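I will look at rings and charges, then at strands.

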Amino acid sequence: ETHICLALDMLLQVSSPDVIPAIQTRLEDLLSHKSFQVKRRAMATFKTLSRHNPDLLQRTTRKILKRLRDDVVASSAFSLAVELVKAGLISGIEVGHAAVEVMQRDHSNSQGRRIHSPVVAAIRCVGQLITIDPNSGEVKSLAEVLIQKCLTSSRSSKIVLECFRALSVIPEPVLMTVLSPSSDLQHPVSGIHYMLGSKDPNLHYTFLACLLAIDVKLWAGVDEAIPAQLQENEVHRIMSFLDASDMTIRKMTTQLLYRVDPAILEAWFTQFIESIPSPTSTTLATCEVYASRALEVSTVLDADNGKAFASRLRSVLQAVQVPRKGAVGKDSPKRGRAHGEGSGGGVDAVLESVVEPVLDRLRGSTDEFRRTFVEKALQDLQESFAGVGAPVPTATVICAAVACEYSQLVTLPPATIAEGLADCLAISPVGVQEALLIAITRVVAMFDDESSPTVVVTQVEQLVKQSRKHMRHRCDQFLRLTKDRTTLRTVVQNAKSQTLPDILLAIEDHFRKLPRQVTSPSSASSRAVSPRGAGGPSALRYDAYEAPGASRRRSQDRHQMRTRQPSQTPSTRSSAAYSEEFQRSPILSGDDPLAQTITPAGLVTLAEGDEGLRSLATGSHTQPVGPSIASDALASKADLITLESPFHAEPPTTFADAFRAHPQAELSSGISEESFLETFDAAWKSIKSTTRGWSESLPSAVAGTLQDAGLGFIMAFPSIEAAKDQAFHDNEILGMLLTSDGEVSAAIRLRPGEDDSSLWILKCDNLDLRLTVKKVLQSDG
């Protein structure tokens, strides 16, 4: 039995006409199998395979009528019987009589409990038979049977709902005759009044679904032939469902009231909009609830009118949001989405509960509906600048999305659309600005060769001056693309679709494929000591550095310079800390003739005359493999030239030894990579409190800010081998804050992100220190 069921399930999932000759005889025998599971699957398989070969149904005609009265397989039998009636192999009247017989009989399982599946299957079969032949003389009698069954089984919501669905396919004149006051039958609605007074939302759903299944003429009193079936208090109860917590109940109620009289919904909508509290005194969640419920009614009221839907949407958004009146820049106190409780959460927010349903509605509409909606929305966007306030953020995002996706449908010139969107840039939150830029990019691609986006470019250039890093990056992409209109059109055409996300992906993909332009911080390194005059390249090693006399390098550039290959030694970095002073001298700058004859030994002799380098001579020199560890003292110097110093010292054995041996010296002097990583790993595991955040600067710049803060910060760039062994991220910076006695008070990891940003993860159990470090990190971003 199990194997037979598996084989039949396989045939149901992967049906093919090629298997019919091989299995048709065996399949017919399975209709008489002792297992009801096999019989159900056999009938379902006959129905599925008959789509490939209708003649296959002839094999079932002898046994199907018997199976209609078998409760355990009635559902499959009635479904297959309908196919036989459609094929003309058996009489619909015969099947109808069998269905009525099943409906009028009580059905119980082996435990004595009543079961409804055979009755539901029979009622569904009756509805399908009426659909096949609605003019049959049996239709009226079937309608009376359905109404009688609905009244006698009113406590079974499944049977009642199926009866109303079957009544919905009966021709209206037949139902008007059956339900007229002169008829002896009660109205089927009278059997479901109790559902309206229940607190069970499932019964509310059944009640509304029953009324939606039949024409309003049959129960609402709009036709004099049949009086209204609902009392005044019941109508008020239905109206209260517009405020139900269940969205399905609300939508069904809206559709029901619209069918009865659209003026009822219009009046409710007007009253609802007037009752919305001021958005400056409500939370974001409250604004979204009001907007969503108003939008549900708007969708029904303006189902076929895009222009009216756009106008109603504008009134909804103006009720739940207030326009921004000031420009948004990098110093604006509010940026992006607002979440303040009780502080006007909907003022600056983009209401996602409105944006998504509107866009979904447009994608499922006709081109005419889209065209009229987009034209009206863009027109309202431009007209809003003539009033006292700018457009609300949600309306701006919707306009950007529809302009990007449907601008080819409207009659407005592309220049008008682009300029209208560009007018919103200066007064929109950052997230909205990005959507606007993407949409403008898409619209500018529609410009002909004679049109010029000069006005738009000017506004974008103004936006660059008041924006931070991310928006400057987006503006730069736009400005670069507008300079090459052919490339811009290619980028837009290569997008998967014309939606905002796909246009953005196409833009990012285009710039990702471009070769990176790597610029050295100093192209003037040729001013360094000539290898020829210095005795050959083996005596000196070079790093990028500024030209002599240049001002002190910015913090970010300074710390970027410290990232080097793991093979550089601490002595290399220490000696380089003093090279800036020598680089300014006339000898090293090449301005003195002596620079052409000086030897490496002479350079060392000169170094002996400098107090800083004399103290360096007594310093430490470790093995070549180690991390690039920077300190507060080194942070103030540029890393310029490395000298092959003849002075060496034994390295400290551990991290703690190095600190205790030289408590006043450089924090990271002579610390091995292994010692640093062991100490960092132990601190990272032992410290419990964790804080995370984003910075708009590179990890090296954030590390420099921490060093400049004087918190005892040391950092390391793990070597490639160490990163693989301990699962560090690529280009990640590890750092620790040390107390006066060398103990680790905090550990931090700086990971590079997109657009020259970084993620920082701070572990620190000291609350005051944690707040101090967090303040430093946030001030850097």
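**Charges over rings.** I started with R155. The charged end of R155 sits over the ring of Y194, 3.9 Å from the ring centre. I note that this is a predicted model. Then I looked up a second case. R361 lies over the face of F309, and here the distance to the ring centre is 4.8 Å.

**Ring pairs.** Next I asked how many aromatic pairs the rule gives. The count comes to five aromatic pairs. I took the pair of F309 and F369 to look at in detail. The ring centres of F309 and F369 are 6.1 Å apart and the planes meet at 35°, so I logged the pair as tilted. An angle under 30 degrees would count as stacked, and one over 60 as edge-to-face.

Where do F309 and F369 lie? I found F309 in helix α17, residues 306–320, and F369 in helix α19, residues 367–384. The two are 60 residues apart in sequence, so the pair ties together separate parts of the chain.

Are F309 and F369 buried or exposed? F309 is buried, with a relative accessible area of 1%. F369 is buried as well, at 4%.

F309 also pairs with F373. Their centres are 5.7 Å apart and their planes stand at 35°, so this pair is tilted too. It links distant parts of the chain: F309 is in helix α17 and F373 is in helix α19, 64 residues apart. I checked burial here as well, and both F309 and F373 are buried.

I then turned to another group of rings. W268, F272 and Y290 are linked into a cluster by ring pairs.

**Strand β5.** I moved on to residues 733–738, which form strand β5. How many of the six residues of β5 are buried? Six of the six are, and I wrote the strand down as mostly covered.

I wanted to see both sides. In a regular strand the side chains alternate between the two faces of the sheet. On one side of β5 I listed I733, G735 and L737; on the other, L734, M736 and L738.

**The partner strand.** Which strand is joined to β5? It is β6, residues 744–752. Six bridges join the two, and they run antiparallel.

Last, I looked at the turn. β5 and β6 form a hairpin, with five residues between them. G742 lies in the turn and has a positive phi of about 90°.

Notes. Residues are numbered from 1 along each chain as its sequence is written. This is a predicted model: local features need pLDDT of at least 70, side-chain atom pairs count only at pLDDT 80 or more; totals for chains, interfaces and linings use all residues. Side-chain values use heavy atoms; hydrogens and water are left out. Rings of Phe, Tyr and Trp (its six-membered ring) pair if their centres lie within 6.5 Å; planes under 30 degrees apart count as stacked, over 60 as edge-to-face and the rest as tilted. Helices (H or I, at least four residues) and strands (E, at least two) are DSSP runs, numbered from the N terminus. Buried means under 20% relative accessible area, exposed over 50%, partly exposed in between (1.4 Å probe, protein chains only). A charge sits over a ring if NZ of Lys or CZ of Arg is within 6 Å of the ring centre and within 35 degrees of the ring normal. Two strands pair if DSSP finds at least two bridges between them.
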